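Dear colleague,

Please find the structure below, together with its sequence. A short account of the findings comes after it.

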Amino acid sequence: MLYLDEHAINKAVSMKEIIDGIDQAYMIYEDETFHMPTRFQVSESGNTLLLMPCFTEDYITTKLVTVYPNNKWIHQPTIEGLVVLNCNQTGKVKALMDGAYLTGLRTGAVGGSAVRHLAKQDASTLTIIGTGVQGFYQAIAACEERPINKIIVYNRTQGEKVASFIDRLKAAIAPGITICAAKSAEKAVSQAEIVITATTSSEPVLPDKKALLKGKLVIGVGSFQPDMREFPKALYNLASTIIVDTHDAIEESGDIAVPLKKGWIQEKDVQTLSTLIRKQTELPHHEDETIIFKTTGMALFDAVVAAVIYQAAIKKSEGTWLDGNL
């Protein structure tokens with residue numbers, strides 16, 4: 001059994017390889033060659049326990065994750081977790097992985113895949129709303145897929161957290177990319193071609209102003225429950241294309257469920273990214289076109305990414321063998 005912590009995973013794979021894995025997962029999703037039970041979710045006192053199993057042709061993956069939003073006040077990680085990878089032929093446990101780090105990478109890569117397929121080829125300015133773990137990985141992934149030369153970050157709570165985020169990001173991305181903090185969401189959004197929201201807000205974090213949202217790719221990462229929303233009404237009035245990672249996002253995220261309920265959009269207007277990738281559809285980009293991509297994630301992403309990491313780790317001899325057997 002191979003144990004892969006953050007260090008070993010980081011040495012085994014690149015973000016580009018993880019994004020490739022997400023695209024592979026989309027093809028499996030389209031072909032329906034997987035079995036993914038509804039994720040088990042329990043919430044108590046604002047905290048959440050998630051159990052996410054998935055069967056693919058070669059592996060069984062189980063991710064156990066806790067989400068404790070108030071941990072930020074005691075300087076502890078918001079997300080903790082473990083991923084177990086089993087062989088689907090024998091049931092043998094092949095690997096244990098740091099679930100929090102894998103989640104950060106794969107969710108960042110979901111955003112990166114959306115940038116790969118939906119952003120203008122020459123898009124060079126990126127805004128990140130939310131300076132937590134997900135904002136960090138979203139920025140890294142976006143920089144892998146487009147020639148980003150400027151990143152604007154905004155967080156409702158200013159101060160040391162934003163400064164620390166910028167320092168970490170500078171150390172993780174290519175030199176020469178300008179990173180700066182905006183004093184308002186309006187200023188952050190007005191300068192960007194790609195906008196990524198990565199918060200757990202229950203109210204929209206983007207300005208409800210059409211002029212500021214026009215002509216942008218807007219990627220929503222944070223809203224994974226019906227009572228969470230990051231997008232304002234103005235965005236839906238602009239968007240010509242609304243894309244989700246899975247059909248489940250229509251019910252799971254308030255950023256899709258609420259607009260449908262209020263009649264701002266119709267279900268026929270929503271399509272999956274996997275469909276576009278399968279059809280090799282290239283979206284025509286017009287100067288004033290606004291595109292929405294919303295992800296809530298799925299266990300299939302974890303399953304494919306875990307397999308990519310495991311295979312790369314074996315090839316590069318990374319990780320720690322807990323039983324001494326290959």
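This is a predicted model: local features need pLDDT of at least 70, side-chain atom pairs count only at pLDDT 80 or more; totals for chains, interfaces and linings use all residues.

Residues are numbered from 1 along each chain as its sequence is written, and side-chain values use heavy atoms, with hydrogens and water left out.

Phe40, Val42, Leu49, Leu51 and Leu64 make a nonpolar surface patch of about 390 Å². Such a patch joins nonpolar side chains within 5 Å, from residues with over 30% relative accessible area and no salt bridge (a side-chain nitrogen of Lys or Arg within 4 Å of a carboxyl oxygen of Asp or Glu). At least two patch residues come from each of strands S2 (40–44) and S3 (47–55); strands are DSSP runs of E with at least two residues, and helices are runs of H or I with at least four. Val42 lies in S2 and is partly exposed because its relative accessibility is 37% (buried is under 20%, exposed over 50%, partly exposed in between, with a 1.4 Å probe and protein chains only).

The loop between S2 and S3 holds Ser45, which has a positive phi of about 55 degrees. Most residues other than glycine have a negative phi. Ser45 is exposed, at 68%. Ser317, in the loop between helix H12 (299–316) and strand S15 (320–321), also has a positive phi, near 55 degrees, and is exposed at 64%.

Yours sincerely

Conventions:
Patches are made of residues with over 30% relative accessible area and no salt bridge: like charges are joined within 9 Å, nonpolar side chains (Val, Leu, Ile, Met, Phe, Trp, Tyr) within 5 Å. Accessible areas come from the Shrake-Rupley method with a 1.4 Å probe; for residues, only the protein chains shown count as cover.
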